[in-house]
Amino acid sequence: MRRERSGVNKQYSFPTVRTQGEETRPSRCPDNSAFKQQKLPAWKPQLSTATVLPGFFLTGAFCLAVGVCLILSANSVRDVQIDYSDKCSDCSKFRENSSNWNKECHCSVNFTLKEDILGDVFMYYGLQNFYQNHRRYVISRSDAQLLGRNVNSYCAPFTAYRNGTPMAPCGAIANSMFNDTIDLFYNLNSSAIQVPVLKTGNSWWTDKNVKFRNPKSYNLSSAFAGTARPPYWHKPVYLLDEEDERNNGYVNEDLIIWMRVSAFATFRNLYRRVKRIRQFADGLPAGNYTFRIAYNFPVTKFKGRKHVILSTVVWSGGSNPFLGIAYVVSGTAATLTGFVITAIHLKLRKKKTYFQK
Amino acid sequence: MLMEIFSCLFFFFFRSMNVFLIVYLCILISKALINTVLKYVWQSEPFRDEPWYNQKTEPERKRNLFLRAFTDFLAFMVLFNYIIPVSMYVTVEMQKFLGSYFLTWDEEMFDEDTGEGPLVNTSDLNEELGQIEYVFTDKTGTLTENNMEFVECCIEGHVYVPHVICNGQILHDCTGIDMIDSSPGGSGKEREDLFFRALCLCHTVQVKDDDSVDGLKKNQLSRRSCIYISSSPDEVALVEGIQRLGYTYLRLKDNFMEILNRENNIEKFELLEVLSFDSVRRRMSVIVRSSTGDIFLFCKGADSSIFPRVKEGKIDQIRSRVERNAVEGLRTLCVAYKKLTAEEYSNAQKLLQNAKLALQDREKKLAEVYEKIERDFILLGATAVEDRLQEKAADTIEALQKAGIKVWVLTGDKMETAAATCYACKLFRRNTQILELTTKKIEEQSLHDVLFDLSKTVLRHNGSLTRDTFSGLSTDMQDYGLIIDGAALSLIMKPRQDGSSGNYRELFLEICRNCSAVLCCRMAPLQKAQIVKLIKLSKEHPITLAIGDGANDVSMILEAHVGIGIIGKEGRQAARNSDYAIPKFKHLKKMLLVHGHFYYVRISELVQYFFYKNVCFIFPQFLYQFFCGFSQQTLYDTAYLTLYNISFTSLPILLYGLMEQHVSADTLKREPSLYRDVAKNALLRWRAFIYWTFLGVFDAVVFFFGAYFLFDNTIVTSNGQMFGNWTFGTLVFTVLVFTVTLKLALDTHYWTWINHFMIWGSLVFYIVFSLLWGGIIWPFLNYQRMYYVFMQMLSSGPAWLGIILLITVSLLPDVLKKVLCRQLWPTATERIQNASRHCREHISEFTPLACLKSPRYRSSDCSNSPARRSNSHSKKMMFTHWRGIDYSVLPSVFGYSNKHCRSSAGYRYSGSGLETSV
């Protein structure tokens, strides 16, 4: 009786006593810890219909509630936007010719408020088609210089003049700073009262107090000695605000606000706030107003527009209906989805019970 | 960067991942191209190209247009390169490396007997363990213990079972004999003695002493110290078995065989002739002279070769017993004797002498002589020897088959033995229709005809039945088992002269594909590899796994995608050459069904999630280019760009890749059919990939345009101040990090404290980092653009509301999709999840089976439990089950077994297969 085996000749030895294994066992025997055995105590959630349905309804209810609140509050926001880029056609033409860069051009824009704007009124300038977010533009600045240190790299192509005088502040962003001055007048009984406005407190506190610092010196003009204004500027940086020492130089709020580049080509920046005194204590009363604008900033060359905006603000921001609408829409969608899932669930359950019978 | 990508492409094995990567590479290049082209279209108007406020530098102006375009293209590539998740490779490698430790740590895969645990020689193949379609297994030593054992003997219809069966080891208390039937009468006693002596004498076993010094003495005193050696383990098993029944074969000395009988007396028999075994006769005989001078001829052999030569004895009883044993997968032998008179003996001796001395046709003449001598036997009884299957081998194979894996047994053994083992380990079932493709059959017909016949049989049946691959049960259709031997295989593999060489091969593959189990016997080691290669390279390119224990399996282990070595008795050659080594065959079940499944689920989620989160990450950046004049302006700060993949979102997914258990390990083990849910790369198919990519794009669009409309030329704060581009980017990034992390949280089904720690921890880390990053004027940086950006954003109410809304909106569709899919088209895995959940909730109201609501799954689950139960039954129990006629009255719960019996009318192979297992 012979059996054939493949491959190597196997030795059969019986009986064998296995002692080797017992000796080596303790060393090779794996740990019995829950982690190693993948048996850690765990919460095992399943996305079943029953657990998800309340979620959908709750989300829906929450979104609807928030959305309605947002829409209601956004409705109370007043927003007056005036496009003045072509209002003074001579000025816009005048600015197209760059040889007139240092000549002044004044422009008045009249408008009427039909009802009072109550509360804090903010004055913005808005630009359209101005690509502040273009990469070449965004990187052309020197934060170190604005911190008061004497470095101005990364500012190409506005680092220094041909003769080597560095620009202060350097870079394309600073160079192209919005330089229209806009004053608001309230026309009351043929006399124009200038609406008092606040120049400061418009920028982030941290920007004003930490991120932007003037170079240290006994006075500002000496601090900026050896530097020159950017080519498009009318006056050097230490003359940006001659009335207020703390709003001059690099810490000038118009500069600070301009240096925070916008995310899109259409944007607005905070320019002034209405100071709430005298007849403007409650905001702007209804009536006729005039913007008197020193039209310096050319926009027609890049087919842009500029606006001046008067707006109030509530807890949910400005007059943007998007958030409210989005909340209402997603709330409705979530609720409807909840109903659909319920319907499917019930239908299937009926079928199942039918099957089970 | 690109070099990195390409080198990764070549060295990375993961099939679908590479395809996805190429898709993403195409997306990357097309994105960069689109943006470059659009940039120049956009810039064609001079007021946009160089407005007064944004002038170019001198060198920029002078640069050649094409050079500029090329640098722009490269800049876009750099900007978007995060879409090719390089960090994914690192994470995948780490996940594989660390994940493989769970395999080696697994206590259940540790073998107490040998003191061996699983070894992982490569961690590259972890997820392939969840994709196996073909398992090629060696038989001896892998399926079986390689260790024969005497199970019972039947003398004249009385069954004797050795008292203690203990895995090949002989125990002290071997005196008792378990009499199942009533004790035999006088003549029975005599026959019994003869039977035991026959077994003690009729063999070619040699005795080797363990200790050569006082071997014999020790041998007599203690039976343990001797070792029997034979070319056939069956003989050893028989001699050992008889020893346990009280008769010990001591040695062959000076042509005298000494045996120690039950009364501890030594009996001596003179060995006169050995009519040795050959595979045609399938029996062997010895002629001995007892001390009393009687001459006996003892013969043992396959029942088919003994029964025709028997003239006396309780043939019917013994035959039924033999058949019963054969059905149970035992190797049966019949024992018969005849008493020779001196005259008869001398005749026989003369005939033998002549035949042995013949110069021509000696074999033939010998055969004739044997034929003459071996006749007119008196039947004594039958033995049953078991090549013990490895513990739970049948269970394992059954589980693998239920998991949709085709199991092939490749063995060097001969067909009958192998077939018996295959029956025993449930590779072939009772109702499996066996197709033979053997040398014998090919001799009768031409190979061509045989193949075509077989394929006709197989295909005809399949054509009429639609295959339900997902039901978890393929018992509705006729099972086919194929038996092929080495010679036939080499004929098939041999290229034909007339040029149509692939023809047979294709036909053969077609047949194999339709067989649930294939047995290849008489395989040379290289042929094993050849078979593996044949399947591996067939047109579906299935993932193959080869498992074996010996040096002869090495070639096959190396050839298969995944090679597994059994750390067996035959050295570690196989284990050393394999990708994984396990102590026992049964561990394959957990390795594939649990670990493989987990690894696959984890890694597929990991890969898809990585692509997803990088799409979410980069697509807003792409969209932003349309708003910034295609100027390559980044949306996010550099720190965020760098750390996104490194620290904000990497650890939760790595941990998911290590810990996730979408169903519990026990369930996976209990329900092998769940393996089909992930078969054929189900989670990395194009549909899943496209879904993930679209989800990523959708989320990215939500982030970007949500934030865009939020910021759209309006005031986002409640104090009238304005936000800039970095706040916009930070808002998008915050939504992105939260969404992506929460998406993973939604996918996590197994929340240990580590998961909580990692997921919430990385979100907290993001916030803390952002606060810190924006909280200080960093002296070493030349820009301070992030200064207080994050805090200013958090101080604004609308930004909070926007973040919450955008996160919700980007997560809800995925939740909805999950719930709907679960409700309408649940996978088996989800049904199990539901069921277990349901069971937990209503444990008092329903029985566990009743709460499986789905009708489809209920059938398979119910049928699983009785099947499992019958596994644990002894084989005898099983037998009665099969034989019972009253199946139809069983409740329908037993549908599983029912189906088996219904088609038992098929060709009963077992009878002819097992009788020849000598």
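## Arg61(B) and its salt bridge

Arg61(B) is partly exposed, at 36% relative accessibility (buried means under 20% relative accessible area, exposed over 50%, partly exposed in between, with a 1.4 Å probe and protein chains only). Its side chain meets that of Glu50(B) in a salt bridge, 2.8 Å from N to O; the term stands for a side-chain nitrogen of Lys or Arg within 4 Å of a carboxyl oxygen of Asp or Glu. Arg61(B) belongs to helix H4 of chain B, while Glu50(B) sits in the loop between helix H3 (46–49) and H4, so the pair ties together parts eleven residues apart in sequence. Helices (H or I, at least four residues) and strands (E, at least two) are DSSP runs, numbered from the N terminus. Glu50(B) is partly exposed too, with a relative accessible area of 26%.

A word on the model: it is predicted, so local features need pLDDT of at least 70 and side-chain atom pairs count only at pLDDT 80 or more, while totals for chains, interfaces and linings use all residues. Residues are numbered from 1 along each chain as its sequence is written, chains are lettered from A and ligands numbered from 1 in the order in which they are written, and side-chain values use heavy atoms, with hydrogens and water left out.

Over all chains, the count comes to 49 salt bridges. One of them is between Arg136(A) and Glu60(B), whose closest N and O atoms are 3.4 Å apart. Arg136(A) lies in helix H4 (residues 135–138) of chain A and Glu60(B) in helix H4 (residues 58–62) of chain B, so this pair joins two chains. Is each partner buried or partly exposed? Arg136(A) is buried, with a relative accessible area of 14%, whereas Glu60(B) is partly exposed at 22%.

Within chain B, Glu108(B) forms a salt bridge with Lys590(B), at 3.5 Å between the closest N and O atoms. Glu108(B) is in the loop between H6 and strand S1 (119–120) and Lys590(B) in helix H23, so the pair ties together parts that are 482 residues apart in sequence. Glu108(B) is partly exposed at 35%, and Lys590(B) is buried at 10%. These two also belong to a network of salt bridges with Lys39(A), Asp106(B) and Lys669(B).

## Aromatic pairs

A search of the whole structure finds 101 aromatic pairs over all chains. Rings of Phe, Tyr and Trp (its six-membered ring) pair if their centres lie within 6.5 Å; planes under 30 degrees apart count as stacked, over 60 as edge-to-face and the rest as tilted.

Phe111(A) and Tyr289(A) are stacked, at 5.6 Å centre to centre and 20 degrees between the planes. Phe111(A) lies in strand S2 (residues 106–113) and Tyr289(A) in strand S10 (residues 287–294), so the pair ties together parts of chain A that are 178 residues apart in sequence. Phe111(A) is buried at 10%, and Tyr289(A) is buried at 0%. In chain B, the rings of Tyr82(B) and Phe617(B) have centres 5.4 Å apart and planes at 80 degrees, so that pair is edge-to-face.

## Annotated helices in chain A

An unreviewed UniProt entry gives the annotation "transmembrane region" for residues 52–74 and 322–346 of chain A; such annotations may be inferred rather than shown by experiment, and positions follow the numbering used here, with feature names shortened. Residues 52–74 are 100% helix and 0% strand, with end C-alpha atoms 32 Å apart. Residues 322–346 are also 100% helix and 0% strand, and their end C-alpha atoms are 36 Å apart.
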